[in-house]
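Here is a quick tour for anyone meeting this structure for the first time. Have a look at it below, and then we'll go through it topic by topic.

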Amino acid sequence: MAVSNHLWENVRKYVRIGNRVSELYHGERDDILRGLAEIVSENGIVYGVDQLNPFAQNKNMQELQSLSNIRLLKATLPSLPAEVSDLDGVLIREFIWTYPLPCNGSENPQTYQAINAALHVGGHLILPLNPVEQTAERGGHPMYQHTIRRQLPHFQKVYDREDLMVYQKTNSS
Ligand SMILES: C[S@@+](CC[C@H](N)C(=O)[O-])C[C@H]1O[C@@H](n2cnc3c(N)ncnc32)[C@H](O)[C@@H]1O
């Protein structure tokens, strides 16, 4: 899914210059990481976390490693590196990857605890939605929203339009 102007215009309302943010499960695509790095600027930091290390072969990802405000970290959720904490924002494109086996509908509470622990109170969980996800979430099969309500009940939805859904962490429990 290409990242739309609508998405970036609205992500900018939740991610600011100097923020500390992370993209989890980023895979080999560099567009979100680059966009976040541009928003947070040189005083901010973007942590990319993925269990694979796609950087050896992928030229775009190799280039990213040379940017001063991006750190690409190899880790397998629910474990997160210590520095991926006290974040202003966590972005996950294809939230389905938070399920241990995609599409089987099972949830590992520890994964959501890790996402919760990574964010400070007031921080945002930012979910870009592809067209299939948009149809499901707004057309009677809101799987992501149900999961967040069950696993992250103190996260409040603050934006839900087109290709973007945003939740805010409202307390520390
Ligand atoms: C389809 S890929 C890339 C999805 C990416 N968000 C995108 O929009 O292109 C899913 C990625 O999730 C990563 N992944 C799956 N389970 C993971 C886990 N438990 N911890 C960290 N990364 C994981 C895989 O290594 C893979 O790169």
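Predicted model: local features only at pLDDT ≥ 70, side-chain atom pairs only at ≥ 80, totals over all residues.

Numbering starts from 1 along each chain, as its sequence is written.

**Around the ligand**

- The residues surrounding the ligand are Tyr25, His26, Gly27, Arg29, Asp50, Gln51, Leu52, Thr76, Leu77, Arg93, Glu94 and Trp97.
- A residue counts as near a molecule or strand here if its C-beta atom, placed from the backbone, lies within 6 Å of it.

**The chain as a whole**

- The protein chain has six helices and seven strands; helices (H or I, at least four residues) and strands (E, at least two) are DSSP runs, numbered from the N terminus.
- Along its principal axes, the C-alpha trace spans about 45 × 35 × 30 Å.
- Of the 173 residues in the protein chain, 35% are buried. Buried means that 20 or more other C-beta atoms lie within 10 Å of a residue's own, exposed means 12 or fewer, and partly exposed is in between, with C-beta atoms placed from the backbone.
- Among contacts with a separation of 6 or more, 68% are between residues 24 or more positions apart. Two residues are in contact if their C-beta atoms, placed from the backbone, lie within 7 Å.

- Leucine 77, one of the residues around the ligand, sits in the loop between β3 (70-74) and β4 (87-92).
- With 22 other C-beta atoms within 10 Å, leucine 77 is buried.
- Not counting residues up to four places away in sequence, leucine 77 touches Leu24, Thr111 and Ala114.
- Its C-alpha atom is 8.4 Å from that of threonine 98, which is 21 residues away along the chain.
- The peptide bond from leucine 77 to proline 78 is cis, with omega near 15 degrees. Proline 78 also lies in the loop between β3 and β4.

**Strand β5 and its partners**

- Seven of the ten residues in strand β5 (residues 119-128) are buried, so the strand is mostly covered.
- β4 and β5 run parallel and are joined by four bridges; strands pair if DSSP finds at least two bridges between them.
- In this pairing, leucine 91 stands opposite isoleucine 126 in β5.
- With strand β7 (residues 164-169), β5 pairs in the antiparallel sense, over five bridges. There, histidine 124 stands opposite glutamine 168 in β7.

**Helix α4**

- Helix α4 (residues 109-118) has Tyr112, Ala114, Ile115 and Ala118 buried. They cover an arc of only 150 degrees around the axis, which puts them on the same side of α4; the arc is that of the directions from the helix axis to the C-beta atoms.
- The face of α4 turned away from that buried side carries the exposed residues Pro109 and Gln110.
- The cover over the buried residues of α4 includes β1 (20-24), β4, β5 and α6 (143-151).

**Isoleucine 32**

- Isoleucine 32 belongs to helix α2 and is buried, with 22 other C-beta atoms within 10 Å.
- Leaving aside neighbours within four places in sequence, isoleucine 32 is in contact with Val3, Glu23, His26, Leu91 and Arg93.

**Two positive phi angles**

- Serine 41 is not a glycine, yet has a positive phi of about 65 degrees. It lies in the loop between α2 (31-40) and β2 (45-50) and is exposed, with 12 other C-beta atoms within 10 Å.
- Glutamate 162, although not a glycine, has a positive phi of about 50 degrees. It lies in the loop between β6 (155-161) and β7 and is partly exposed, with 14 other C-beta atoms within 10 Å.
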